[in-house]
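User: I'd like to learn how to read a structure by walking through one. Could you take me through it feature by feature?

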Amino acid sequence: MTKPTTRRELTVPLWSLGLIAAFFAVSCVSLWMVVILTRPTAPRITASPMFVVVASTSAAAATAAPASPSTKSPTSSALTPTVPPNLNSGSINLGVFVQVTGTGGVPLNLRQSPSLKSDIAYRAIENQVFKVENGPTIADGFTWWLLVDLVDKTRTGWAVENYLQPTVR
């Protein structure tokens with residue numbers, strides 16, 4: 001008579017399963033650290049615009065003898081306001097929402113066409129949000145964008161890019 005064959009079961013020690021789980025966890029954490037430490041980060045813009053008005057006076061004129069009546073001295077009306085530098089560097093595009101910024105509380109003139117000589121169509125207040133509908137157009141040494149108010153479509157006009165900042169809407 002032949003002996004019945006018995007089937008032998010394969011057993012895995014419990015400590016080996018724990019060792020495999022620990023190795024998997026360490027591998028995942030290591031991979032995560034490599035991704036975090038090697039990913040590129042966008043530079044943070046920390047500079048803020050500064051407006052400077054420079055009046056031309058010389059030290060020699062200040063210490064010289066009193067001016068004769070025929071000599072004209074510069075007056076404050078001769079000073080012209082400075083336009084802030086363009087800080088947008090191409091971040092404004094069609095369909096983007098922008099807000100008026102950097103006007104110092106003075107309304108921004110939205111013009112009927114992209115020109116300083118064009119008639120004013122609307123005066124936008126600081127922090128007012130618009131949608132960019134057309135542009136860019138370069139005229140009079142500035143980059144211009146056609147803006148449309150989100151609520152009232154009649155409030156539209158061309159504005160200089162230097163006073164606009166992209167915003168999330």
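User: Where does Val 151 lie?

Analyst: Val 151 sits in the loop between strand S5 (142-149) and strand S6 (156-160). Helices (H or I, at least four residues) and strands (E, at least two) are DSSP runs, numbered from the N terminus. Before we go on: this is a predicted model, where local features need pLDDT of at least 70 and side-chain atom pairs count only at pLDDT 80 or more, while totals for chains, interfaces and linings use all residues. Residues are numbered from 1 along each chain as its sequence is written, and side-chain values use heavy atoms, with hydrogens and water left out.

User: Is Val 151 buried or exposed?

Analyst: The scale goes like this: buried means under 20% relative accessible area, exposed over 50%, and partly exposed in between (1.4 Å probe, protein chains only). Val 151 has a relative accessible area of 78%, so the residue is exposed.

User: Which elements does the protein chain have, and in what order?

Analyst: There are 2 helices and 7 strands, and from the N terminus on they run α-α-β-β-β-β-β-β-β. Of the 169 residues in the protein chain, 22% are buried.

User: How do I read strand pairing, and which strands pair with S1?

Analyst: Two strands pair if DSSP finds at least two bridges between them. Strand S1 (residues 97-100) pairs antiparallel with strand S4 (residues 129-139) over 3 bridges; there, Gln 99 stands opposite Val 129. S1 also runs antiparallel to strand S7 (residues 164-167), joined by 4 bridges, and Val 98 has Pro 166 as its bridge partner in S7.

User: What about nonpolar cores: which residues have the most contacts inside the largest one?

Analyst: In soluble globular proteins, nonpolar side chains tend to be buried together. A nonpolar core here is a set of buried Ala, Val, Leu, Ile, Met, Phe, Trp, Tyr and Cys residues joined through side-chain atoms within 4.5 Å. The largest has 20 residues, and those with the most contacts inside it are Val 98, Leu 108, Leu 110, Ala 124, Phe 130, Leu 147 and Leu 164. The elements giving two or more residues to this core are S1, strand S2 (108-111), strand S3 (120-124), S4, S5 and S6, and S5 supplies the largest share, 5 residues. Take Phe 130: leaving aside neighbours within four places in sequence, its contacts (heavy atoms within 4.5 Å) include Val 98, Leu 110, Ala 124, Leu 147, Asp 149 and Arg 155.

User: How many salt bridges does a search of the whole structure find?

Analyst: Side chains of opposite charge can pair when their charged atoms come close. The cut-off is a side-chain nitrogen of Lys or Arg within 4 Å of a carboxyl oxygen of Asp or Glu. The search finds 2 salt bridges: Asp 149 meets Arg 155 at 3.4 Å, N to O, and Asp 152 pairs with Arg 155, with the closest N and O atoms 3.6 Å apart.

User: Which of Asp 149, Asp 152 and Arg 155 are buried or partly exposed?

Analyst: Asp 149 is buried at 5% relative accessible area. Asp 152 is partly exposed at 28%, and Arg 155 counts as partly exposed at 32%.
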